[in-house]
Amino acid sequence: MTFSWAKGHGTENDFVLLPDADGRVHGDLDPAFVAALCDRRRGLGADGVLRVVRTSAVGEAGDGQGEAEWFMDYRNADGSVSEMCGNGVRVFARYVADHELVDTDRPLPIGTRDGIKTVTFDGDAISVDMGVPELGGVSKVTVEGRTFEADEVHTGNPHAVAQVASLDDAGTLLEEPGYDRAVYPHGVNIELVARRGPQHVAMRVHERGSGETRSCGTGACAAAVASMSADGVALPATYRVDVPGGRLDVTWTPEGRVVLTGPAEIVAEGEMEWLRG
């Protein structure tokens, strides 16, 4: 099997991109193939896969996505399907922009399983309207024997956000933290968040299906929303979110929408013949 590929990252949350405009190259995208591609020792290595496909070629795109020519078909590193990826949608946008498939002088709608996300370009920075977050109740997460209260926040994906005194409290994050499966029956991304200053936090994250990653866009949004809510700030407000791979900025608008801003870069492209079964 021979196909085109690219490698990109947003604050070191890295992805393999698979150009497949008409959906004829990879079909339904076999989960085992995705997991093999993402393997860091036996494949190309990545936190996930972004298939670059036209919305018209994706049957699951859903109603109301006709205005988006392109659809981000996102898969976790284990091959499972995910609703959204805030860093991924910026990397996706960078790819279609670099290949002159879109007009970067205008807002760009991108289809996702969490609906259309509108992207704007400002030099190296890319901003994504992530929509209106949903705040739930409080549950508990357990990391290496330590238990913390965690806020339930949905920003396209489900998140459990725990405020901690130090990011060292996250331990190694080699194992998935414990969480309330009654609250999160389909799994959850877990953020450990520490204060750095006014409107400034830092976080580490364990992403469902991928393990600890260097960054998580929807997680940064969830961390900022939980922190803003706890602080009782007036909207609009912007919080800086430091992740191991860099910096993201999250704005909560007066209309209640969350906008994620950060860099995205394509680092390599090529053609390859896949030899594994």
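## Strand β2 and N13

Strands here are DSSP runs of E with at least two residues, numbered from the N terminus. By that rule, N13 falls in strand β2, which covers residues 13-19. Keep in mind that we're looking at a predicted model.

So is N13 buried or exposed? With a relative accessibility of 1%, N13 is buried, because the cut-off for that label is under 20%. Its side chain has a polar partner: the side chain of D47 sits 2.9 Å away in a polar contact. Skipping residues up to four places off in sequence, N13 also touches G8, C85, N87, E207, T213, R214, S215 and C216, along with D47 itself.

## The nonpolar cores

Now for the greasy parts. The largest nonpolar core takes in 51 residues, and M72 and M203 have the most contacts inside it. Helix α3, running over residues 217-231, is the top contributor to this core with eight residues. Apart from that core there's another one of 17 residues, including V143, L167, A170 and I190.

What does M72 touch, once neighbours within four places in sequence are set aside? The list is L50, R51, M84, C85, G88, V89, F92, I110, G111 and T112.

## A46 in its loop

A46 belongs to the loop that links α1 (31-38) to β3 (48-54). Although A46 is a loop residue, its relative accessibility is 3%, so A46 counts as buried.

Which residues does A46 contact, leaving out neighbours within four places in sequence? They are K7, D14, F15, V16, C38, R40 and A77. Among them, D14, F15 and V16 fall within the 13-19 span of strand β2. If you want a distance to check, take A46 and A36: they're ten residues apart in sequence, and their C-alpha atoms are 9.9 Å apart in space.

Notes. Residues are numbered from 1 along each chain as its sequence is written. This is a predicted model: local features need pLDDT of at least 70, side-chain atom pairs count only at pLDDT 80 or more; totals for chains, interfaces and linings use all residues. Side-chain values use heavy atoms; hydrogens and water are left out. A nonpolar core is a set of buried Ala, Val, Leu, Ile, Met, Phe, Trp, Tyr and Cys residues joined through side-chain atoms within 4.5 Å. Buried means under 20% relative accessible area, exposed over 50%, partly exposed in between (1.4 Å probe, protein chains only). Helices (H or I, at least four residues) and strands (E, at least two) are DSSP runs, numbered from the N terminus. Contact means heavy atoms within 4.5 Å. A polar contact is a pair of N or O atoms within 3.5 Å; within protein, one must be able to donate a hydrogen and the other to accept it, and residues adjacent in sequence count only if both atoms are side-chain atoms.
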